Amino acid sequence: MRVERWHAGGDAAEVAARARELVPAGDSVEEVVREIVGEVRARGDDAVREYTQRLDTHGDEPPALRVTAEELDDALGTLDPDVRRGLEVAVANVRAVAEAGLAEEREVALAQGHRVRLREVPVHRAGVYVPGGRAPYPSTVIMGVVTARTAGVESVAVCAPPSTGSAGHETILAACALAGATEVYRMGGAQAIAALAYGTATVPGVDVIVGPGNLYVQEAKRQVFGQVGIDSLAGPSDVLIVLAGEGADPRLAALDLLAQAEHGPGTLVLAISPEEDVLDRVAAELGERLPGATGAVCVLVATDSAAEALAVAEAFAPEHLQLMGSTAEALAPRVTRAGCLFVGAAAATAFGDYVTGSNHVLPTGGAARFSSALGPGHFRRRMAQVELGDAAAALAPAGAAIARAEGFVRHAESMEARMGQDG
């Protein structure tokens with residue numbers, strides 16, 4: 001992991017932009033993905049199997065696309081008891097937090113005497129993409145499936161790349177069983193996203209696709225958006241830790257930076273403090289524990305004040321923001337730009353990746369400026385229900401005037417007809 005050390009110099013936005021530039025944009029995969037998506041859309045299962053054999057099983061005959069219920073039961077039965085208990089804690093906590101995010105139906109009374117009811121309805125089917133590659137991610141299964149099921153989605157399909165030489169990672173399958181997935185498919189990459197979006201003989205299409213993935217997965221999500229809804233376009237992971245005041249523990253901060261660096265190439269980790277000696281100790285702790293080449297980049301930034309450290313954090317809009325130390329923790333109410341905020345020395349980002357109940361599918365690349373963590377709202381639609389009755393006569397003059405100003409005469413006549421006027 002590469003480590004750099006800077007001084008903020010009073011320009012928070014410039015520091016944030018400079019840090020982002022340390023992770024160069026990946027090569028464009030647009031045309032490759034367009035070909036894969038087009039092939040899957042045209043040839044369905046045959047194309048999915050061909051790309052799976054070429055890209056995931058590397059020439060070996062791929063297993064059946066759909067995982068059977070018996071395989072899920074077997075995986076759950078052989079799961080390590082400690083892992084099962086951990087997953088059950090995660091399922092319960094993610095469900096509890098997701099339930100708190102469900103909006104209740106409301107009615108709004110308007111001045112003209114009518115009411116508008118705001119309803120939320122779940123989508124019919126959702127797809128959850130679970131990355132393979134570096135490691136299996138049963139935690140991502142839970143974050144996506146439990147949230148979708150809590151939102152009221154009846155059919156939730158999970159897809160994950162098959163492991164080379166095996167039918168599927170047992171921990172992934174066990175997590176699918178615990179979380180309540182209704183279908184599980186052994187497929188990954190752009191071909192999986194295309195199959196979920198357009199449907200094949202084996203894979204019914206879905207309404208929403210969520211979950212992180214590599215460049216090919218994210219580009220495929222971008223290309224199928226509009227055919228389906230998506231959560232976001234996830235990029236490399238990042239964490240920013242502000243250390244200031246009593247309780248700012250350099251050892252814990254270094255461990256948290258290194259933990260996030262485990263996500264590998266492109267990961268960006270920052271520690272910011274107005275206390276130079278704290279950054280010195282963070283650097284020393286990193287030096288003692290620095291792993292081999294992970295491809296991650298670490299930046300230690302000195303500021304003139306805790307307020308300036310917060311300004312850099314706000315400009316950076318991190319996926320994960322940790323506030324450690326009494327002075328830093330006091331800034332929590334002022335934070336407006338973070339995928340998830342962790343307050344206090346005990347609140348390591350790693351807890352959020354697994355068991356706190358907060359969702360770990362978070363906006364990356366500064367998207368916390370405008371985007372939110374995965375939640376029930378990604379699987380639900382808000383729909384207004386309008387009933388007018390006698391209020392139509394009161395509303396028609398106002399509506400008709402606007403319609404005529406826009407040149408839509410029939411719109412105006414449609415409304416005026418509810419006043420008893422001739423069409």
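Arg115 is partly exposed, with a relative accessible area of 47%, and its side chain meets that of Glu107 in a salt bridge with an N to O distance of 3.6 Å. Glu107, at 38% relative accessibility, likewise counts as partly exposed. Elsewhere, salt bridges that share partners connect Glu30, Glu31, Arg34, Glu219 and Arg222 in one network. The structure, which is a predicted model, holds 25 salt bridges.

One of these salt bridges is formed by Asp238 and Arg20, whose closest N and O atoms are 3.1 Å apart. Because Asp238 lies in strand E9 and Arg20 in helix H1 (residues 12-21), the pair ties together parts of the chain that are 218 residues apart in sequence. The two partners are described by separate accessibility values: Asp238 is buried, with a relative accessible area of 0%, whereas Arg20 counts as partly exposed at 23%, a value that falls outside the buried class because that class is limited to residues under 20%. The side chains of Asp238 and Arg20 are also in polar contact at 3.1 Å. Strand E9 comprises residues 238-243, and the surroundings of Asp238, when residues up to four places away in sequence are not counted, consist of Arg20, Gln260, Leu268, Phe316, Pro318, Glu319, His320, Thr364 and Gly365.

An α-helix has 3.6 residues a turn, so residues three or four places apart point the same way. Asp82 counts as exposed, its relative accessibility being 54%.

Helix H12 (residues 306-316) is mostly covered, in that eight of its 11 residues are buried. These buried residues are Ala306, Glu308, Ala309, Leu310, Val312, Ala313, Glu314 and Phe316, and they pack against H1, E9, strand E10 (268-273), strand E12 (320-324) and helix H13 (326-329). Phe316, one of the buried residues of H12, is among the residues touched by Asp238. Just after H12, Ala317 adopts a positive phi of about 50°.

With regard to sheet organisation, five strands form an open sheet with parallel pairing, in the order E6-E5-E4-E7-E8. Strand E6 (183-186) and strand E8 (229-230) stand at the edges and have a single partner strand each, so one side of each is left without a neighbour in the sheet. For E8, the pairing with strand E7 (residues 208-210) is parallel and extends over two bridges, and the bridge partner of Ile209 in E8 is Ile230. Strands of a sheet pair through backbone hydrogen bonds, either parallel or antiparallel.

Val32 is found in helix H2, which spans residues 30-43, and is partly exposed, with a relative accessible area of 42%.

How values were computed
Residues numbered from 1 in each chain as written. Predicted model: local features only at pLDDT ≥ 70, side-chain atom pairs only at ≥ 80, totals over all residues. Heavy atoms only, no water. Helix = DSSP H or I, 4+ residues; strand = E, 2+ residues; numbered from the N terminus. Buried < 20%, exposed > 50% of the residue type's maximum accessible area, 1.4 Å probe, protein only. Polar contact = N/O pair within 3.5 Å; in protein donor to acceptor, adjacent residues only side chain to side chain. Contact = heavy atoms within 4.5 Å. Salt bridge = Lys/Arg side-chain N within 4 Å of Asp/Glu carboxyl O. Pairing = 2+ DSSP bridges.
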